[in-house]
Amino acid sequence: MANLIYTANTTAQTVPVGGAVNLGGIKRRTGCALSMSGDTITMHKSGYYDVYVGITATPTAIGTVTATLYQDGVPVSGATASATVATTDTTVSLAFPAVVRLCGECCTSNLTIVMSGVETVVNNIGMKVIKD
């Protein structure tokens with residue numbers, strides 16, 4: 001059986017520039033390779049992990065809003081999505097896949113979603129992580 005975790009948060013949350021998104025609660029989980037607390041999913045076993053992120057957001061100002069996957073405080077290359085709004089209160093959808101790796105049997109690694117560009121109300125976030 002695969003190790004996977006699916007989290008969702010449908011409660012609107014205001015996320016400042018550089019802030020992490022609260023992932024809500026665990027909706028589905030199998031195996032023991034993944035856990036979640038607040039804004040962080042933790043990987044517990046070495047190997048590759050597929051990550052899928054979907055966000056509905058409403059920027060509070062005109063500009064570009066960006067969601068980026070971070071692993072242990074470092075942006076994951078290519079794991080980002082952006083949208084530009086010309087008027088306030090415009091809702092946008094941001095989604096992206098990624099693949100991350102955890103090396104070594106004796107360590108863990110943390111995944112977070114960080115918002116940048118302009119302050120944003122995240123209306124919905126779903127995040128799925130599957131260990132290959």
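This text walks through a predicted model of a protein, from its overall build to a few single residues.

Start with the secondary structure. The protein has 11 strands and zero helices. Read along the sequence, the pattern is β-β-β-β-β-β-β-β-β-β-β.

Next come the overall dimensions. The C-alpha trace spans about 45 × 25 × 20 Å along its principal axes. The radius of gyration is 15 Å. A compact globule of 132 residues would have a value near 14 Å, so the protein agrees with that expectation.

How much of the chain is buried? Of the 132 residues, 45% count as buried. The exposed surface comes to about 6200 Å². Carbon and sulfur atoms supply 53% of that area. As for charge, there are 7 positive and 7 negative side chains. The centres of these two sets lie 12 Å apart.

Take the contacts with a separation of 6 or more: residues 24 or more positions apart account for 72% of them.

Strand E6 shows such pairing in detail. Strand E6 covers residues 47-59 and strand E9 covers residues 92-102. The two run antiparallel, joined by 11 bridges. Val51 has Val129 in E11 as its bridge partner.

Now turn to single residues. Thr7 is found in strand E1, which covers residues 3-9. Is Thr7 buried or exposed? Its relative accessible area is 1%, so Thr7 is buried, given that buried means under 20%.

Val17 sits in the loop between strand E2 (13-15) and strand E3 (25-30). Its relative accessibility is 51%, so Val17 counts as exposed, because the class begins over 50%. Val17 still has contacts beyond its neighbours within four places in sequence. They are Met115, Ser116, Gly117, Val118 and Glu119. Thr120 is 103 residues away from Val17 along the chain, yet their C-alpha atoms are separated by 7.7 Å.

Most residues other than glycine have a negative phi. Asp72 has a positive phi of about 55 degrees, although it is not a glycine. Where does Asp72 lie? Asp72 is in the loop between strand E7 (63-71) and strand E8 (74-85). At 46% relative accessibility, Asp72 counts as partly exposed.

Asp89 also has a positive phi, near 60 degrees, in a residue other than glycine. The loop that holds Asp89 lies between E8 and E9. Asp89 has a relative accessible area of 64%, so Asp89 is exposed.

To recap, the fold is built from 11 strands without helices. Thr7 in E1 is buried, while Val17 and Asp89 are exposed.

Conventions. Residues numbered from 1 in each chain as written. Predicted model: local features only at pLDDT ≥ 70, side-chain atom pairs only at ≥ 80, totals over all residues. Heavy atoms only, no water. Helix = DSSP H or I, 4+ residues; strand = E, 2+ residues; numbered from the N terminus. Rg over C-alpha atoms; globule rule 2.2 N^0.38 Å. Buried < 20%, exposed > 50% of the residue type's maximum accessible area, 1.4 Å probe, protein only. Contact = heavy atoms within 4.5 Å. Areas by Shrake-Rupley, 256 points an atom, 1.4 Å probe, with all protein chains shown as cover. Lys, Arg positive; Asp, Glu negative; His and termini not counted. Charge placed at Lys NZ, Arg CZ, Asp CG, Glu CD. Pairing = 2+ DSSP bridges.
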